[in-house]
Amino acid sequence: MIAKRLFCSILSCLLLFNLVQAQPVSEIKVVVNQRINTVPTSMWGIFFEDINFAADGGLYAELVKNRSFNFNDPLMGWKWMNKGEGKGDGRLYNFGDVLRPNKRYVRIQSTSESGSFGLSNEGFRGIGLKKDAGYRLTVTARGGDLNSTANLVVELVDSTGKMLAENQISGITKDWKKYEVILNPIRTDASARLNVMLKGKGLVEVETVSLFPVDTWKGRKNGLRSDLVQLLADMKPGFVRFPGGCIVEGREIATRYQWKKTVGDPNDRELIINRWNTEFKHRFTPDYFQSFGLGFYEYFLLSEDIGAEPLPILNCGMACQYNTAELAALENLDPYIQDALDLIEFANGAVTTQWGKLRASMGHPEPFNLKMMGVGNEQWGPQYIERFKRFNTLLKEKHPEIKLITSAGPAPEGDKFTYLWDELVKLNADFVDEHYYQSPSWFLKNAGRYDAYPRKGPKVFAGEYAAHSKGQADPTSRNNLESAIAEAAFMTGLERNCDVVQMCSYAPLLAHKDAWQWNPDLIWFDNLSVVPTPNYLVQKLFATNKGSYTVSVLKDKGVIAGKDGIYASATIDEKTKEVILKLVNISQNTVPLKFSFTGESFKSQYANMEVLKNKELTSWNSFATPSNLGIDVQKVKVSGRSLMLNLDGNSVNVLRIKM
Ligand code: AHR
């Protein structure tokens, strides 16, 4: 595919050059020699939330659903089964220890000499297996009282029961112990199952069954899906916001996200129900839980791996205001604030401190260099301000080096928004997090939103945005070109105003094809493949072409935010000494443009222009055609002080010219 695109680029180089028309609309001036705003390194980032099976069943590479029998329905995802003449008795037990994170185990008792008896797991809407790849199966088990000669047989089978891989664990002792074997499937299969069976007479008790691909990101055990992380790394994001989203708030206080319960040994992290489990009646996912195998340590590690600043968001003593809106009383807020202080210690503290020591024991003695943190997610009202004040006072006193992110509520205008901004300005907040899930036309209309924003006061974090083609969170919305182009047009306005808007992230990030709740999303995946949407391509275009500082792109002395369907912004990359022009054409027609560069005369050269375009605004990348929309690289001839371009209709273009 890449080779094809490169080939196209050479062709289009010639085509584009010849297509330059004689009647440019008018002259666009790029004031190359006048530095406007420094582009923050954190400008374009990612927003990760455990929604749409983004963590368990997604980024977190565990393939067994309900691996420790801790779901509310303890055998959800499992079924008892026998093979051949096999007979037996299967029982669920409780350890009876309230403090123990894993409450249960199963007893598999096989009562016949021939055949086998045991359990079968369905995975997260099936188990995705790749031919000849290695899969590491671990079982925490102990042997029973019988003088068992039985072996624990582990099998990967397809949906009809045909064998894909087989191995066995023998010599299970009477003490709880972890056993590990590798399975190598003979075929690729997107919806396999895992069987854990006793062959021959015997008894075994099992606490946890886990299956990971050997090939996780960086080969880590308890690791992440490498294809998904690779897409994130390719974006070169400036920050990773985690773990959400409403998941931070919980539907009630008890199910809020508590980072301390997500660190330490992954098997000791207490599982809870995922708040998106039953949130949307039309997308009911009763099998959605949070195992926290992907917890705060792993989020920090992920951020570090992909060169992004970590941006954790913490609960501020408020449950989701769309659900119970339950509050922690102000006099009971101290533990919440302590969580924030301890998190700073976990991330940055010396290995001699309590939480720094835990970080070191998990494998990372060096600090994670945390610089910012969110207090509350999408909260609103005086209850939020009261709580934020408490956090602010203590955190600023003890850690003035940590920037705090505050909420502007769920919408980018209205009473809640105005109230919060007024209060946060008074409090001299560092960052205000604005959210916009709006129509494509809203994004186009608002491309100049920040041109007249106050330059003093809190900075803006455009923390959650996405153009919804069919009304807010409408499940029939698509990640189509129309939405991607609208976002790109809006993002030229964000870039132009990067003195005010210093961080931006599309939301949500990930969605499983068969288990999503919220649509649209940046990256879609199933058990074997990933689909980058045009919206992802836009994010990648901006993030990988960030530049060091902005310069003006002017038409008739004004910014270009919709005139003749064109939106534009420009930066200079100090390292590569290039002008980076971002140009969006939302009209259906090719628009001829003439650029002049103030203060710069270019040597004759071919410059690269990355282009995302299609005649059909409804075009998108499906699982059947994941590269329907991609980035083409075209060559553009530049010389002297001017440049003629025919900008294709429905296109997002990033041009880099060597100075
Ligand atoms: O991104 C989906 C949800 O939208 C987030 O959880 C929440 O912050 C917003 O309402």
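Start by selecting Ser441 and Ser439: in this predicted model, their side chains make a polar contact at 3.1 Å. Keep Ser441 highlighted and show the cartoon around it. Ser441 belongs to helix α9, which covers residues 440-445.

Ala486 lies 45 residues away from Ser441 along the chain, yet the C-alpha atoms of the two are separated by 7.2 Å.

Next, select residues 481-496, which make up helix α10. This helix has 16 residues, and the distance from its first C-alpha to its last is 23 Å, close to the 22 Å expected at 1.5 Å a residue.

For the next stop, move to a sheet. Five strands form an open sheet here, and reading across you meet β4, β5, β13, β8 and β11 in that order, with antiparallel pairing. Colour residues 88-94 (β4) and 177-183 (β11) to pick out the edge strands, each of which pairs on one side only. Look along the sheet to see its twist, which averages 35° from one strand to the next.

Finally, zoom in on β4 and its partner β5, residues 104-110. Seven bridges join these two strands in the antiparallel sense. To find one of them, select Asn94, whose bridge partner in β5 is Arg104.

Definitions and conventions:
Residues numbered from 1 in each chain as written. Predicted model: local features only at pLDDT ≥ 70, side-chain atom pairs only at ≥ 80, totals over all residues. Heavy atoms only, no water. Helix = DSSP H or I, 4+ residues; strand = E, 2+ residues; numbered from the N terminus. Polar contact = N/O pair within 3.5 Å; in protein donor to acceptor, adjacent residues only side chain to side chain. Pairing = 2+ DSSP bridges. Axes fitted to C-alpha atoms, helices over the stretch in contact; angles between N-to-C directions. Expected span 1.5 Å × (residues − 1).
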